[in-house]
Amino acid sequence: MSELETFREEVRQWLEANAPQALRGRRNDPAAVPWGGRNPRYAYPESADWLERMAGRGWTAPTWPKEYGGGGLSREHERVLHQELARLELPPGLTGFGLSMIGPTLLQYGTEEQKREHLPKITGGKIRWCQGYSEPDSGSDLASLQTAAVRDGDEFVINGQKIWTSGADLADWIFMLVRTDSSGKKQAGITFILVDMDDPGVEVRPIRLISGASPFCETFFRDVRAPVGNVIGEPGDGWTVAKALLGHERSMIGGMAAPRVSLPELAAEYLGRDEQGRIADPVLRHRVAQSEMDALSFQLTVQRNADSLAAGHQPGPESSMFKYYGTELNMRREQLMLSIRDQQALGWEGDGYSEEELLQTRAWLRSRANSIEGGTSEIQLNIISKRVLGLPG
Amino acid sequence: MKLVLDPAQAMLAKTAADFAAKQQPVERLRALRDARDELGYTPSVWSAMADLGWTGIPFREDDGGLGMGMAEVVLITESLGRGLAPEPYLSAVVLAGGLVSALGSEAQRAAWLAPTIDGSKRLALAQHDEGTRFDPATCLSSAVSDGDGWRLSGRKAHVIDGFAADAYVVVARTSGEQHDRDGISLFLVPADRAGVEVTRQWRVDSRNAAQVHFADVALSRDDLLGELGEGLQPLEEAIDRATVALCGEMLGLMREAFERTIEYLKTRQQFGVAIGSFQALQHRAAEQFVEIELCKSVVMAAARSLDEVGGEGGEPERRSRAVAQVSNAKARCSDAVILVTNEALQMHGGVGMTDEYDIGLFMKRARVCELTFGDAAFHRDRFAAARGF
């Protein structure tokens with residue numbers, strides 16, 4: 001048996017012994033994935049135990065080094081772990097911006113002390129993170145941000161406002177961009193800093209979106225204090241760190257295209273099938289095929305990128321491509337589902353619509369943000385044309 | 001299935017690219033076109049490809065081949081696509097050669113595979129009946145039983161590299177109705193057989209194509225390729241392999257056209273700046289870049305899926321997964337190759353419309369590739385059927 005297959009066997013046995021029955025089959029249920037934090041919320045009580053067991057093996061962050069609470073696994077071993085979790089339809093032990101964004105950034109840019117301080121709390125689900133990047137006047141032009149941090153002894157004193165801080169109302173810490181110098185080029189003078197949101201100067205207000213309630217917030221900072229040791233990278237060199245983190249964010253948003261329902265099945269349910277088993281409406285059938293083929297092509301490209309990295313090739317600026325295509329694909333898909341469900345996709349609440357149909361309405365509205373958040377589609381195309389294709393200006 | 005080249009494949013891709021750059025520049029196609037060359041390709045270049053072993057890539061080692069698969073074939077066709085190289089690789093090696101390899105008797109294999117691999121003789125597939133749209137199950141040509149053999153009648157058109165071929169694999173109905181899946185048979189017919197008439201077709205891409213008419217051609221038992229009436233399945237499998245090979249060519253073609261366009265955007269000056277600094281063009285270029293990246297993945301995946309099915313039809317599930325991958329690749333590459341070449345011409349502006357500039361040649365070949373073996377709509381339909389909807 002190959003080493004990888006031995007590992008698969010080990011994973012299988014461990015999962016059989018440790019995975020709570022209540023969570024099996026709940027892989028696609030977002031409520032079954034905990035976000036951790038100082039005041040964790042669990043839709044299923046078993047999730048707390050599941051998180052603890054997974055974290056104990058380092059499998060909340062399978063590829064991170066063991067000394068920081070990770071699993072120390074290779075990408076190939078990680079894939080085996082994911083396959084085995086999928087086999088039992090198990091949700092991951094933990095999710096959140098600690099694992100997907102600040103963690104990878106700390107691994108890349110953090111000091112040894114910062115890694116030891118923060119990474120184990122991320123993998124253990126002890127601290128929940130949010131992101132403080134955008135400001136009301138700094139969206140696509142992120143580098144124009146104005147939230148100020150002024151040095152006062154061993155601390156920075158922070159004043160300003162962030163917006164679109166997903167989950168800020170539930171988060172314990174925020175990683176944020178602040179301006180420490182306004183004298184030079186706007187990209188210079190930005191500092192990347194970690195802030196404990198327990199500070200009384202932090203105020204969070206949730207934002208209501210066109211889809212109704214949302215995880216987005218406005219976050220205000222009034223004389224909030226953070227130690228100088230919380231700066232990642234050098235003060236004034238935060239833009240470099242910020243861009244690296246955006247790469248992690250784009251990979252995550254682009255990767256969200258994993259579908260929650262099968263389009264062909266949905267179409268067959270709403271439109272019926274002809275004698276040959278084809279979706280009865282030929283025009284929608286072609287649109288479904290197009291969407292499925294786009295999704296397959298995208299998934300193969302994600303895989304090709306991963307295989308190429310595993311084979312030792314250097315990563316390029318691909319994350320912009322994945323963010324751009326993955327989100328556009330997801331949005332087209334949501335719209336196609338409206339076409340398939342017809343008038344039944346238009347309910348807001350109340351009678352006459354199934355729970356799924358009402359979720360559909362909200363999911364479609366929520367999806368419209370996909371091509372805006374984490375850098376708009378237009379910004380991604382700018383990045384591709386300048387950094388990949390080398391076009392001028 | 002790993003979507004990355006192994007070291008041997010990377011080496012083959014590099015050798016093929018170097019060869020194409022030296023021996024198969026676009027100017028050569030232009031020269032063949034201007035000379036109205038009937039053969040449409042360069043015999044010495046074809047021989048050189050055979051000497052490098054590339055004509056033997058997909059054939060079994062005991063037939064004198066290299067025993068490799070589609071994963072390697074697409075590396076060759078991609079390099080051909082870059083230079084719009086008209087060598088008959090797809091028709092002789094992948095399509096007709098592939099059918100003889102899969103179905104041929106000892107005698108047929110001995111007579112035709114060695115000369116195909118060494119480049120001394122050339123096979124072509126006569127499949128497409130005049131007046132039909134592409135569909136392997138549609139067959140108007142017929143072979144009517146006559147004593148120990150058959151009499152073949154039919155009018156084939158758009159036969160790829162069909163002019164001056166040495167023999168044809170001919171698709172003809174031996175029983176059943178026009179669209180039946182059963183009753184289609186394949187025959188291996190030498191070009192000099194009485195009643196075979198070949199006319200060169202002149203197409204927009206300047207490549208070798210022909211009408212091949214069969215007027216009551218006498219066929220013997222020895223001419224039958226494979227089982228009587230059971231030709232459709234192996235025919236579809238051979239066309240799938242050829243389709244993926246063609247996708248490789250389209251990928252090379254679109255990458256070359258795109259790179260030339262990006263170069264043009266960086267050098268062409270208007271309003272005192274490079275036109276590539278305009279966002280209206282930058283975003284369109286970036287979108288094409290993404291499409292090409294997707295094409296790279298689907299071509300690799302389709303080639304590997306076919307290699308995993310293995311010979312003799314493979315198990316039905318794997319086979320329909322491979323069909324979905326092949327149709328996905330053809331639909332994607334067809335759409336992308338049209339997008340990229342249309343945009344290439346537009347971004348080149350007026351010079352793009354001139355015959356002197358190469359971009360038009362890329363666009364012409366792109367259109368032929370798009371409509372060969374079914375366009376994007378055909379393959380979306382086939383993908384849906386393979387996926388059970």
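Predicted model: local features only at pLDDT ≥ 70, side-chain atom pairs only at ≥ 80, totals over all residues.
In terms of residues, 39 from chain A are in contact with 43 from chain B.

Charged pairs are also present between the two chains, with 4 salt bridges found across the interface of chain A and chain B. A salt bridge also joins the side chains of Asp294(A) and Arg332(B), with an N to O distance of 2.9 Å.

Within chain A, the packing of two helices was examined. Helix H4(A) spans residues 97–109 and helix H5(A) spans residues 112–123. Their axes come within 10 Å and cross at roughly 160°. Because angles over 145 degrees count as roughly antiparallel, H4(A) and H5(A) are roughly antiparallel to each other. The crossing of these two helices, H4(A) and H5(A), is left-handed.

The contact between the helices involves Gly98(A), Leu99(A), Ile102(A), Gly103(A), Leu106(A) and Leu107(A) on H4(A). These residues meet Gln114(A), Lys115(A), His118(A), Leu119(A), Ile122(A) and Thr123(A) on H5(A). Classified by residue type, the contact of H4(A) with H5(A) comprises 6 nonpolar, 5 polar and 1 charged residues.

Note on methods. Residues numbered from 1 in each chain as written. Chains lettered and ligands numbered in written order. Heavy atoms only, no water. Axes fitted to C-alpha atoms, helices over the stretch in contact; angles between N-to-C directions. Helix = DSSP H or I, 4+ residues; strand = E, 2+ residues; numbered from the N terminus. Parallel < 35°, antiparallel > 145°, perpendicular 65-115°, else oblique. Left-handed = near helix turned anticlockwise from the far one by under 90°. Contact = heavy atoms within 4.5 Å. Nonpolar A, V, L, I, M, F, W, Y, C, P; charged D, E, K, R; others polar.
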